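Hi everyone, thanks for coming. Today I'd like to walk you through a few spots in one protein model, so please have a look at the screen.

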Amino acid sequence: MTAPPAGPAVGDTLRLTVGKVAAGGHCVARYEGQVVFVRHALPGEVVDATVTEVKRGFLRAEAMVVHTASADRVPPPCPYAGPGRCGGCDWQHATPAAQRRLKADVLAELLVRLGKLTQAQVDALEVTVAELPGGPLDWRTRVRYAVDRAGRAGLRAHRSHRIVEIDACPIATPAVRELPVTDRGWRPGSELTVVSSTAGDPAVLEHREVPAGRGRDRRRSRTVTRLVYGEATVIERAIGTEFELPAEAFWQVHPAAADTFAATALELLEPRAGERAFDLYGGAGLFAVALAREVGTDGSVTLVESHLGAADAARHNVRELPRVEVVAGRVERVLPSLGPADLVLLDPPRSGAGATVVEQIVAAAPRAVCYVACDPAALARDTATFTALGWRLSQLRGFDAFPMTQHLECVALFEPGGVASAERTGPAQPGTGIPEGVPGEER
């Protein structure tokens, strides 16, 4: 008996008609009934694509030749963008307006597929992705480089440990590109964090893995970070305030993002004087300061942050606001002890808040929750949890805070909207028993 012909293999070239965009920086095509996720293509194009991975049920491929081009296609402005090159950008071959439409389409699809919303509910949200000031290049204030075996700094290829040597990254700010990184040698296998803050403070930090101990412990490792250039503590400017924080701590990488997200959060939450607010995953205190100004001296803000360096920075940054408390610890450990709240603002890491934290937020019975999300899939999963608990996603704003890449930022408003919700009159009263100094994970 003759064996059936094998399917496509890595390295094969396929002629594909490209369909809709999908999460992950690629579009969907089909080859003999099999799903193919294609990078460097746009919806409606006909391309020759080289297979890069064969998985059970689908293929990955990169468009190498475009036979029928989309009207949205443009030449990539970066010489390192394209098949087999740097994996940092996903949409350099699309106009900025087309990039924002593609991201809005991905967000809407995820809210249906993972968020369990109906198409009518998503349509009512009128999902769009807004441009931030500054254009698609020269915006990134923080860049993470990898160092190859020859000691050269570069950026990783897509879904690969391979490091692409570069001279400069066009989406980085000019100040970042001018820092002494790509023109010198480094310890092979290390990684570099390069920062030029919104106040102009520079920093280059080297991270390397070392054995955690002796004997069997040598099989485990820990990360050692050292400052090799610039300032260990930097100043970031936003909402009319200077925020001091460790150079390696989390801060928005787009210069306009912090102001934009803080203003949007206040617009959606409409804080009132005397209210009690929680700022979860609060970082160095951006949202806590914004909330504290609105709730006033009769209100209060509790910031929860697991990164000890960021929590210390937050204490410094809110020191002149007497009704702001900073608690160092993991949100899921701290939140149950805080009691009720009127407002909750959360800015979780890329993995999202998760069901446990969402359930704890709902248990605090706030009148409104503002969710700042850097991953639309995580936001969609948490939306499904809120919805199952009787809440509704009432407003959603998308922002193109990461031009040229697949990533976007969302600011969402959740409100009680079902039988599980109850109207509460008067500001919430503080809880007791806040744990002190619980160590936690980095953002």
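Let's start with a term we need: an axis here is a line fitted to C-alpha atoms, for helices over the stretch in contact, and the angle runs from 0 to 180 degrees between N-to-C directions. Please keep in mind that this is a predicted model.

Now, the helix pair. Helix 1, residues 96-113, packs with helix 9, residues 376-388, at an angle of about 30°, and their axes are 8 Å apart. Angles under 35 degrees count as roughly parallel, so helix 1 and helix 9 are roughly parallel to each other. The crossing of helix 1 past helix 9 is right-handed. Who meets whom? From helix 1 we have Leu-107, Leu-110 and Leu-111, and they meet Pro-376, Ala-377, Ala-380 and Thr-383 of helix 9. Sorted by class, that contact has six nonpolar residues, one polar and no charged ones.

Next stop, Ser-197. You'll find Ser-197 in the loop between strand 11 (191-196) and strand 12 (202-211). Is Ser-197 buried or exposed? Its relative accessible area is 7%, and buried means under 20%, so Ser-197 is buried. A polar atom of the Ser-197 side chain lies 2.7 Å from the backbone oxygen of Ile-235. Leaving aside residues up to four places away in sequence, Ser-197 touches Val-234, Ile-235 and Glu-236.

Last one: Val-331, in helix 7, residues 331-334. Val-331 counts as buried too, at 4% relative accessibility. Beyond four places away in sequence, Val-331 touches Leu-280, Tyr-281, Val-304, Pro-336, Val-357 and Gln-360.

How values were computed:
Residues numbered from 1 in each chain as written. Predicted model: local features only at pLDDT ≥ 70, side-chain atom pairs only at ≥ 80, totals over all residues. Heavy atoms only, no water. Helix = DSSP H or I, 4+ residues; strand = E, 2+ residues; numbered from the N terminus. Buried < 20%, exposed > 50% of the residue type's maximum accessible area, 1.4 Å probe, protein only. Polar contact = N/O pair within 3.5 Å; in protein donor to acceptor, adjacent residues only side chain to side chain. Contact = heavy atoms within 4.5 Å. Parallel < 35°, antiparallel > 145°, perpendicular 65-115°, else oblique. Left-handed = near helix turned anticlockwise from the far one by under 90°. Nonpolar A, V, L, I, M, F, W, Y, C, P; charged D, E, K, R; others polar.
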